[in-house]
Amino acid sequence: MKYMLLIYGEEAIDAARSKAENEQRMGAYMAYTKAMHEAGILVDGNRLKPTSAGSTVRVASGKSKVLDGPYADTKEQLGGYYMIDVPDLDQAIAWAAKCPGASGGAVEVRPVWEM
Amino acid sequence: MPGGFRRRCRGASGLGDVAIAEARDGVKAQAAAEAAARRSYGKLVAFLAARTRDVAAAEDALADAFAAALAHWPEAGVPEKPEAWLLVAARRKLADAARRHRTAIASASHLRLVAEELNAVSEETPVSDERLRLMFACAHPAIDEGVRAPLILQAILGFDAQAIGSAFLVSPAAMGQRLVRAKSRIKEAGIPFRLPEASDLPERLEAVLDAVYAAFAEGWSDPAGTETRRRDLAEEAIWLGRLLVSLMPDEPEARGLLALMLYAEARRASRRSADGGYVPLAQQDPRRWDQAMIDEAEALLLEASRGGRTGRFQLEAAVQSAHVIRRKSGSADWAAIVALYEALQDLTGSPVVAINRAVAIAEIDGPTAGLAALDAIGDDARLATYQPYWAARAGLLGRTGAIAEADAAYERAIGLETDPAVRRFLQERREML
């Protein structure tokens, strides 16, 4: 089954990290991504730029309206994602727990609706 | 240790604005009521289910009785015979339920069976301790291995699916389903509530001990001690271990398991430095170990060895003993550790044991010898995603000077690690190459 791992964290904390902390975090993510790749379960994954770079579009009565910033103002923001293909939810949860973003932040595990 | 119990049986609510002293008495009374209820919980589930083989109906019949007890006992005091009180209360609740659900067909026959059972008891009925039989049913070979520990936690200790799921990193809904399925299997498949025949006993007992140890291991895997649920789980598993020793006093492996858990628990706090960094066993300060707990473990292991039958848990506990001897001699007994791991490997064939043996060999004969021992198991496919294998490999490669290979192995270990402190530790080691 395919699962989307959605990584949430506080952008303010990301921005406040020192260079050394950032490098350590990058290293952890690289190792994590590689582990998924070597386990043969990784479908896709990306880091997202901060919500300040985002735009939200709505179409109402045929008119599109664009807003600066994220869809929802929340304490924790979506910062990246992985798409993985594993046999069941338990394995998806086990991989989510290994994600560096799961310590300190949260990883939402959502099954993909396969068409 | 009322950890799990409170979660299932919602008892008396807040104390209101009483004076502080009274509140303190109230908290004490609440704790006493909980402790008494908790001691009775598994016994009553086991007592009822041993006859009907219906764990779910036994739990349902008792749930309201426990809520009533937790509301009533803190004020009125714990009754002289708490178990009889609870059984009588359960009978009353069940009679109410039967009246309300007269038309509900599905559960009617179970309810009747449990009701008959409850009607047969009075306040004079001695409640025999059937918990051991219940544990053997929960860890029966026909029950999926992964659900045995959760089932024991629920049936004996009253943990709910939410708490168990969270401790085992499984969604509460999935855990709830598995527990329901397993209980229905006990009933439908006719899994017996009895002690296994002597010929089956060693294997079946190992399944029970494994389940308790699995619960402990889940609790132990929260080194920072920040997740109360997980920490509780280790304490609950030790409680179950003590229960098993008391129920099977002549069984050396039960003592071995309890000793093993105590050795590990004694070192819980020393796995982290003051700033939260990971401290590997070899670098832990023995003065930070819980000496009383280690002494108890040593005594248990000695008693177990007099039983004349060794086994996996005694061997693993003996490995721990050879490690903690450092508190007296200044160094671990590596020769004993290698020999014990060899005995364990013959017994279990586990690749995890083989990794530990390789690391111990490196302590005596150097990293190249350790690596050779690791290479011997390197083609086991399970190791590809097993962090300790890569961490051990990385450490040994680093010591031989194979920097590039060590770097790659560290990267794999880092990518497979769940615990941020261990991840940081591995990253630091990698940078020091």
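This is a predicted model: local features need pLDDT of at least 70, side-chain atom pairs count only at pLDDT 80 or more; totals for chains, interfaces and linings use all residues.
Reader: What makes β1 and β5 of chain A count as paired strands?

Author: Two strands pair if DSSP finds at least two bridges between them; strand β1 (residues 2-9) and strand β5 (residues 77-85) of chain A are joined over eight bridges in the antiparallel sense, and they therefore meet the criterion of at least two bridges. Within chain A, Ile7(A) stands opposite Gly80(A) in β5(A).

Reader: Why are β2 and β6 of chain A said to stand at the edges?

Author: The four strands form an open sheet with antiparallel pairing, in the order β2-β5-β1-β6 of chain A. Both β2 (42-47) and β6 (106-111) of chain A have a single partner strand, so that one side of each is left without a neighbour in the sheet. From one strand to the next, the twist averages 20 degrees.

Reader: Which strands do the helices α2(A) and α3(A) touch or lie across, and at what angles do they run?

Author: Helix α2(A) lies across β2 and β5 of chain A, and its direction is at about 165 degrees to β2(A). Helix α3(A), for its part, packs on the sheet and touches β1, β5 and β6 of chain A, with a direction that makes about 155 degrees with that of β6(A).

Reader: How do you know that chain A touches chain B, and which elements supply the residues?

Author: Residues are in contact if their C-beta atoms, placed from the backbone, lie within 7 Å, and by that cut-off 16 residues of chain A are in contact with 17 residues of chain B. On the side of chain A that touches chain B, α2 (19-38) and α3 (89-98) each supply at least two residues, and α2(A) gives the most, with eight residues. The residues of this side of chain A divide into nine nonpolar, three polar and four charged.

Reader: What share of each chain is called buried, and on what grounds?

Author: A residue is buried if 20 or more other C-beta atoms lie within 10 Å of its own; on that basis, buried residues make up 21% of the 115 residues in chain A, while 45% of the 433 residues of chain B count as buried. Chain B holds 21 helices and zero strands.

Key. Residues are numbered from 1 along each chain as its sequence is written. Chains are lettered from A and ligands numbered from 1 in the order in which they are written. Two residues are in contact if their C-beta atoms, placed from the backbone, lie within 7 Å. Ala, Val, Leu, Ile, Met, Phe, Trp, Tyr, Cys and Pro count as nonpolar, Asp, Glu, Lys and Arg as charged, and the others, Gly among them, as polar. A residue is buried if 20 or more other C-beta atoms lie within 10 Å of its own, exposed if 12 or fewer, and partly exposed in between; C-beta atoms are placed from the backbone. Axes are lines fitted to C-alpha atoms, for helices over the stretch in contact, and angles run from 0 to 180 degrees between N-to-C directions.
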